[in-house]
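Reader: I would like a close look at one part of this model. Please take the aromatic pairs and the salt bridges around them, and keep it brisk.

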Amino acid sequence: MSSTRPAKRRPAAAPPRTGGSGRARPPARPAGTKPGGPRERRRPDESAEHSREREPRQITVRTLVLAIVVLLAFMLVAPTLGAYVRQQEQHRDLKADLTSAQDEAAALQAAVDRWNDDDFARNQARQRLGFVMPGETPYRVLDPETITGEAAPEESEGGEVTGPVPLAPSGPWYLTVWESTEAAGQSTGEVEP
């Protein structure tokens, strides 16, 4: 006896499977074709109709999350960047101040060095204070237009030089100031009320 099994019957055609959304699955690709496959030509009126049916693309969750992350990053970086720019401006201002202070210090040091030179100090004493070296005769010209062309002042009996500018008597400076104020108080002209 031969044992043969009875052949099972196969169903003729199964209904198409559906995914979780209730839509029918697309039919399987024939072997040897690429996923993109050859495109079918559409009729012109069909493509226009198809483009009208498309709605504008809505924002996806991924795009929304990316935008939020970029916004948060900007909110975190903006104050830091602002502080950095302010500090750079302050740094430039302080460098400029330091440079000007160093230039001023160099100029002041040069002035101190000049005053340490004996010849410069002597010249400044002559020009600013009217000092003379022992044995020199001092001349003081107050108004060169009135003195030009006139004869030299004559000496009086007391040995003092008489002329438009009398020399100050020797003595302390406060006596000269006092004599000057007395001379200013003795005006010969009358003042009209």
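**Aromatic pairs and salt bridges**

Author: Start with W115, which is partly exposed at a relative accessible area of 40%. The model is predicted. W115 pairs with F120. Their ring centres lie 5.0 Å apart. The planes meet at 80 degrees, over the 60 needed, so the pair is edge-to-face. F120 is partly exposed too, with a relative accessible area of 22%. Buried would require under 20%.

The structure holds two aromatic pairs. W173 and Y174 form an edge-to-face pair. Here the centres are 6.0 Å apart and the planes stand at 85 degrees. W173 is exposed, with a relative accessible area of 66%.

Now the charged side chains. The structure holds two salt bridges. One joins R122 to D119. Their closest N and O atoms are 2.9 Å apart. Both residues sit in helix 3, residues 118–129. They are three residues apart, so about one helical turn separates them. R122 is partly exposed at 41% relative accessibility. D119 is partly exposed as well, at 46%.

R126 and E136 make a salt bridge, with 2.9 Å from N to O. This pair links distant parts of the chain. R126 belongs to helix 3, while E136 lies in the loop between helix 3 and helix 4 (144–147). Ten residues separate the two. R126 is partly exposed at 36% relative accessibility. E136 is partly exposed at 35%.

Next, the setting. The chain has five helices and zero strands. Across the chain, pLDDT averages 75. Of the residues, 53% score at least 70.

Helix 2 also holds L64. L64 is partly exposed, with a relative accessible area of 47%. It contributes to a nonpolar surface patch of about 760 Å².

Last, the whole chain. Buried residues make up 2% of its 193 residues. The chain exposes about 19,700 Å². Carbon and sulfur atoms supply 56% of that area.

Notes. Residues numbered from 1 in each chain as written. Heavy atoms only, no water. pLDDT = per-residue confidence, 0-100. Helix = DSSP H or I, 4+ residues; strand = E, 2+ residues; numbered from the N terminus. Buried < 20%, exposed > 50% of the residue type's maximum accessible area, 1.4 Å probe, protein only. Areas by Shrake-Rupley, 256 points an atom, 1.4 Å probe, with all protein chains shown as cover. Phe/Tyr/Trp six-rings, centres within 6.5 Å; stacked < 30°, edge-to-face > 60°. Patch = residues over 30% accessible without salt bridge, like charges linked within 9 Å, V, L, I, M, F, W, Y side chains within 5 Å. Salt bridge = Lys/Arg side-chain N within 4 Å of Asp/Glu carboxyl O.
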